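Reader: Could you take me closely through a single part of this model, the open sheet and whatever packs on it? I would like the pairing criteria stated along the way.

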Amino acid sequence: MRVNCRAIAGTLAMVVIFSSPASAKRAPDKVTVTVDTSAQGAQINRNIYGQFSEHLGRGIYEGIWVGEDSNIPNIRGYRKDVVDALRKIRVPVLRWPGGCFADQYDWRDGIGPRDKRPVRINFNWGGVPETNTFGTHEFLNFAELIGADAYISGNMGSLTPHDMAQWLEYMTSAEKSSLTEERRKNGRKEPWHVKFFGIGNEVWGCGGAMRAEYAADTTSRYSAFLSDPPGETFVRVASGPTGNLPGYESFTETFMRDSGGFQALSLHYYSRTSPSTRATGFGEEKWAQLLRSALNIESIISKVAAIMDKYDPDKKVALFVDEWGAWHKEELGTNPGFAYQQSTLLDAEVAALTLNIFHRHTDRVKMANIAQMINVIQAMILTRKEKMLLTPTYHVFDMYSPFQGAVPFDVRISAPEYQYGDEHLPSVDASAGIGKDGKLYLALVNLDPVNSASVSTNLSGIAHGTILTGQAMDTHNTFEAPNIIHPMPFASNNVGGKVAFDLPAKSVAVVVVE
Ligand code: AHR
């Protein structure tokens, strides 16, 4: 049985007396990280490093697709700089076409000659024309190009089970039928492998404003019409609750008790501050609030998982956190419907903390998709015409890539609190695991934006890797200066034969212990 490390960390946390604001600088915090290599969790499914791309703002158009005739260097219409960057972080799975857009999307609009495709209004996101230039073929070929598995979100909100089943047949059947002949005529002879299929999105909201009971029945009904291609199976994903609204427990309960025909239940959760403020130019209050919001996903996952355990003790149904990320107010001067925001060191901390939490819940969490891959919400990549930059969140995904497929260990942390205003947070968080290469990896996050930590561990050897940090809490890359924040070399300074670190304030580090 796994130990609840967060609880232990909380219990062991030293009491720190703050008579002045937490932003006062003091001697480095003394932190102890104990990695219990005898207590292993279930393997980290590499799909928790998944991505999400919706027809929203410049997520698809310009972010991925520029067209074959563009001056921007491209591979069959996909921008080359983006393809190269995504290949580097080994994106395991990509969810498309939404989000809310999925439940207004008719897949037939996005097949056939591009100049003949209908133009629709994207009423979910800015009310702008959707040209349908990027459709089923463009998406599935893109997923193949970057080496990611495809996760398609079907429309349960405004189309019929018949439409959903036909889309699946069009994409995945190797048989000869009118639909598969149409696919061949449109340029794709062999079927694609669609590993994951979502039955609706946010059924309680933009996906149809359904009550849990109705959504549970409707999910079973749609699922009944989806058949696996011969010799293959795909994972049906039921659209589950959001941790951002009250009632997610009862929603989960209803689905697990009353619905069927799915192998995964989705959970959405966005880290936010109230009121929502912009991604840059903030003070320590926002820093502390957003990190608190990010940490809250742990208790939400625990509660949802406990309900799933009640109905599914053998853990046959996975939990997919298929939308998560830090959602700020849109960048000044941009369309509010486009959800474009900068991405800073604070967002990198949100990413690292959330990935650490997923590592602690690998028995249930088998996929997660950060929202969203390019130019939308907590993006990996931002583009402006021919320019492109990698965000601090991209760097976290890159640094954490040895954890894809790793086996996690329990980690106990004894650390003082980081306190600001009403927020009381652990000052340091950590995750450890044995990678597929047999090496021990350790990730460390210093949540304190002012004070460094003197970290001692029970690990022997030496540790080296990279660290992401910056002068300011909102350190970020710009199109003019795209390399302000990037991973820098980082190594242990051993004490008494054990691996130890001077961990700077507001930093994320990943090291290999050898
Ligand atoms: O990611 C942006 C939106 O957030 C998605 O379309 C929707 O599912 C969620 O509310």
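Author: What follows describes the sheet, its pairings and the helices on it. The model is predicted, so to speak of local features requires pLDDT of at least 70 and side-chain atom pairs count only at pLDDT 80 or more, while totals for chains, interfaces and linings use all residues. Residues are numbered from 1 along each chain as its sequence is written, and side-chain values use heavy atoms, with hydrogens and water left out.

Nine strands form the open sheet, in the order β23-β22-β25-β20-β19-β16-β1-β21-β24, with mixed pairing; strands (E, at least two residues) and helices (H or I, at least four) are DSSP runs numbered from the N terminus, and two strands pair if DSSP finds at least two bridges between them. At the edges lie β23 (488-491) and β24 (498-503), each of which pairs on one side only. Neighbouring strands are turned by 25° against each other on average, direction ignored, where axes are lines fitted to C-alpha atoms, for helices over the stretch in contact, and angles run from 0 to 180 degrees between N-to-C directions.

Strand β1 (residues 29-40) pairs with β16 (residues 407-414) in the antiparallel sense over six bridges, and D36 has D410 of β16 as its bridge partner. Helix α10 (residues 345-359) packs on the sheet, touching β16, β19, β20, β22 and β25, and its direction makes about 135° with that of β20; contact here means heavy atoms within 4.5 Å. Helix α11 (residues 392-399) also packs on the sheet, where it touches β22 and β25, its direction making about 165° with that of β22.

Those two strands, β22 and β25, pair antiparallel over seven bridges, with V513 in β25 as the bridge partner of A463. Four bridges join β22 to β23, again antiparallel, and T466 stands opposite P489 in β23.
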